[in-house]
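Thanks for coming, everyone. Let me put the model up and walk you through it.

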Amino acid sequence: MLFRVGSLSSKTSLLLSFFRKSSNAQFVQSKRFNSLLWRRYSSVTILINPQKQAYGPISMARKASHYSTTSAEALVQNSTNSGTRMSKKKARREAPEMILRVKLDLCSKEGNLTEAFSLYNEGRANGVQLNVHHYNVLLYLCCPNRDVSKEDEGNLTMLDRGFDIFKQMGIDKVEPNEATFTNLSRLAAAKEDPRLAFDLVKQMTGHGIVPKLRSYGPALFGFCKKGMADEAYEVDFHMRDNGVLPEETELSALLRVSSEFKKEGKVYEMIHRLRTTVRQVSEETAATIADWFKSKIASEIGEEKWDVEKVRKGFLEGGGGWHGQGWLGKGNWRVVRTTMDESGVCRSCGEKLVCIDIDPNETEKFAESLATLASQKEARTNFAKFQEWLQRHGPFDAVVDGANLGLANKHTFSFSQIARVVNELRQISPSKKLPLIILHQGRVSGGPAQNPNNKRLLESWKKGGSLYATPQGSNDDWYWLYAAVSCKCLLVTNDEMRDHLFNLLGNNFFPRWKEKHQARLKPSGDGLLTLHMPPPYSHVIQESKQGNWHIPTVTGDDLETPRQWICATRTRRHE
């Protein structure tokens with residue numbers, strides 16, 4: 001088959017000159033050329049009518065009007081554009097600003113301040129246009145890894161150079177960003193000047209910059225270290241006023257300075273904020289709390305005669321586990337490390353912990369936000385189909401993460417393992433209904449699923465309306481989590497739910513929901529799996545109606561190793 005082209009432009013002539021065979025501009029189509037055109041330039045249409053084309057060489061002079069040069073020109077233009085883009089990328093890579101950026105980033109990685117300043121001075125001498133990233137790297141390198149003393153002249157000089165860099169940014173009219181002010185705050189904190197660090201954070205709003213949690217750290221920790229409790233509380237207020245919520249590290253620092261300076265009201269506040277923020281505390285925070293209860297001031301404060309009805313009302317309104325009425329009782333505290341039995345009874349004081357209620361409205365809102373997130377991360381139509389399916393076949397008393405359960409305690413996927421747990425869940429279900437089993441499409445169509453016994457098992461689950469196969473390319477985590485939340489039922493999985501997907505859900509409601517609804521599996525001596533139901537009490541800081549405290553730590557997991565708690569009780573009880 002042959003093709004011919006008429007009315008060639010200069011660009012097209014350049015392209016086709018490689019294939020010119022004679023002075024009459026006759027072209028013989030080769031399979032290689034045709035394959036190249038269609039494979040590499042499949043979006044380009046060359047107007048050829050092969051059914052009417054002669055098999056011999058055809059002169060370009062005949063019927064030239066039947067053919068178009070547009071596609072050939074587009075091919076040349078596409079090649080030119082590609083080359084232009086590559087040239088632009090190369091130019092950006094080789095620009096002095098980019099070369100300096102790469103070298104400074106390497107200095108930052110290696111902690112080489114001397115080389116960074118040498119590059120900075122060289123760049124200024126050569127007229128390189130510096131941007132905010134260049135300056136931020138230099139400011140970051142000027143921040144020492146520790147506080148410096150007045151005798152440490154080298155580090156003090158380094159800090160001063162950092163502030164000189166910031167002044168130069170203003171002279172060069174380079175607009176600072178959040179990282180700029182955060183680095184400056186760190187420089188101020190290193191100079192043991194938390195007031196300056198806080199002033200710098202305040203300046204951020206004047207530049208239209210929203211502070212982050214890290215922006216407040218230098219000022220907050222600086223005030224706490226110096227024992228400037230009231231100033232630390234001011235930073236804390238500024239944080240919350242700007243929608244920045246402190247985490248355990250910040251709350252622990254505020255708790256420590258409050259305890260050291262005998263501010264019992266603030267200690268009470270910080271422990272309760274830890275209760276709502278982190279639930280289980282780190283060993284460092286646990287030690288700070290224990291030190292407070294062992295202190296003399298802790299033994300002296302508290303109401304000896306309190307309004308029992310007011311405490312009871314606060315306990316009920318808070319959902320249980322706390323009353324918020326302040327310190328109750330007087331006298332020394334008995335502070336011990338302990339564990340809870342399976343029913344939530346403290347093995348030290350014998351007090352039974354409670355299971356704190358979850359507001360049904362919170363659950364509804366969480367299900368809605370979960371559906372919104374899932375629709376954003378998954379193909380919208382796929383997840384919408386699942387929601388419709390769940391409306392028709394639900395609600396369920398339990399949802400099973402099939403992939404997690406099938407691989408638990410096994411190197412190969414086991415449907416029989418899933419079946420045993422499914423049958424157990426059906427037996428304990430109030431409705432005696434099969435649980436919902438979520439499996440990926442690949443799990444139900446290939447591999448072990450082809451086994452005749454497994455095929456029959458899968459078919460029985462399908463007929464019972466209890467199996468949902470998530471489509472190819474989907475993340476089944478969204479499906480089983482949404483099903484469990486919307487059905488307000490048990491979720492069976494050993495997934496710790498700590499990856500980036502679950503981080504999107506926040507750390508307020510989700511940990512509370514998971515604690516009350518997640519059932520886990522533990523291998524038993526005979527190689528089978530034992531179902532461990534959610535604990536009948538909440539793993540969170542609890543304040544009893546009698547004024548006793550139980551603080552859970554992160555030590556222990558309640559499955560293999562009992563969780564460690566701090567039990568703090570008054571030696572003299574309320575009459």
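Start at lysine 90, which sits in helix α3, residues 70-94. Helices here are DSSP runs of H or I with at least four residues, strands are runs of E with at least two, and both are numbered from the N terminus. Lysine 90 is partly exposed, at 43% relative accessible area. On that scale, buried means under 20%, exposed means over 50%, and partly exposed is in between, with a 1.4 Å probe and protein chains only.

This is a predicted model: local features need pLDDT of at least 70, side-chain atom pairs count only at pLDDT 80 or more, and totals for chains, interfaces and linings use all residues. Residues are numbered from 1 along each chain as its sequence is written, and side-chain values use heavy atoms, with hydrogens and water left out.

Back to lysine 90. Which residues form the positive surface patch? Arg85, Lys88, Lys89, Lys90, Arg92 and Arg93. Patch members have over 30% relative accessible area and no salt bridge; like charges are joined within 9 Å, and nonpolar side chains (Val, Leu, Ile, Met, Phe, Trp, Tyr) within 5 Å. Lys and Arg count as positive, Asp and Glu as negative; His and the chain ends are not counted. A charge is placed at NZ of Lys, CZ of Arg, CG of Asp or CD of Glu.

Now the whole chain. It has 25 helices and 10 strands. Of its 575 residues, 45% count as buried. The chain exposes about 30600 Å², and carbon and sulfur atoms supply 50% of that. Those areas come from the Shrake-Rupley method with a 1.4 Å probe; for residues, only the protein chains shown count as cover. Take the contacts between residues at least 6 apart in sequence: 70% of them join residues at least 24 apart. Contact means heavy atoms within 4.5 Å.

Isoleucine 165 is in helix α7, residues 153-171. Its relative accessibility is 3%, so it counts as buried. What does isoleucine 165 touch, leaving aside neighbours within four places in sequence? Phe117, Tyr120, Tyr135, Leu138 and Leu139. Tyrosine 135 is 30 residues away in sequence, and the C-alpha atoms are 7.0 Å apart.

For an exposed position, go to leucine 316. It belongs to helix α16, residues 308-317. Its relative accessible area is 56%, so leucine 316 is exposed. Aspartate 357 is 41 residues away along the chain, with 9.6 Å between the two C-alpha atoms.

On to charge pairs. Side chains of opposite charge can pair when their charged atoms come close. How many salt bridges does the structure hold? It holds 17. The criterion is a side-chain nitrogen of Lys or Arg within 4 Å of a carboxyl oxygen of Asp or Glu.

Glutamate 178 pairs with arginine 214, the closest N and O atoms being 2.5 Å apart. Glutamate 178 lies in helix α8 and arginine 214 in helix α10, residues 213-225, so the bridge ties together parts 36 residues apart in sequence. Glutamate 178 is buried at 9%. Arginine 214 is partly exposed at 40%.

Lysine 202 and glutamate 234 form another salt bridge, 3.7 Å from N to O. Here helix α9, residues 194-206, holds the lysine and helix α11, residues 229-241, the glutamate, so parts 32 residues apart in sequence are tied together. Both are partly exposed: lysine 202 at 32%, glutamate 234 at 41%.

Then arginine 520 and glutamate 496, at 3.6 Å, N to O. Arginine 520 is in strand β6, residues 518-523, and glutamate 496 is in the loop between β5 and α24 (500-503), 24 residues apart. Arginine 520 is buried at 18%, while glutamate 496 is partly exposed at 33%. There is also a network: salt bridges with shared partners join Asp236, Arg240, Lys266, Glu269 and Arg273.

Last, the backbone. Glycine 394 and proline 395 are joined by a cis peptide bond, with omega about -5°. Proline 395 is in the loop between α18 (380-393) and β2 (398-401). Lysine 173 has a positive phi, near 60°. Its place is the loop between α7 and α8 (178-190), and it is exposed at 74%. Lysine 488 also has a positive phi, near 55°. That residue lies in the loop between α23 (476-487) and β5 (490-492), partly exposed at 43%.
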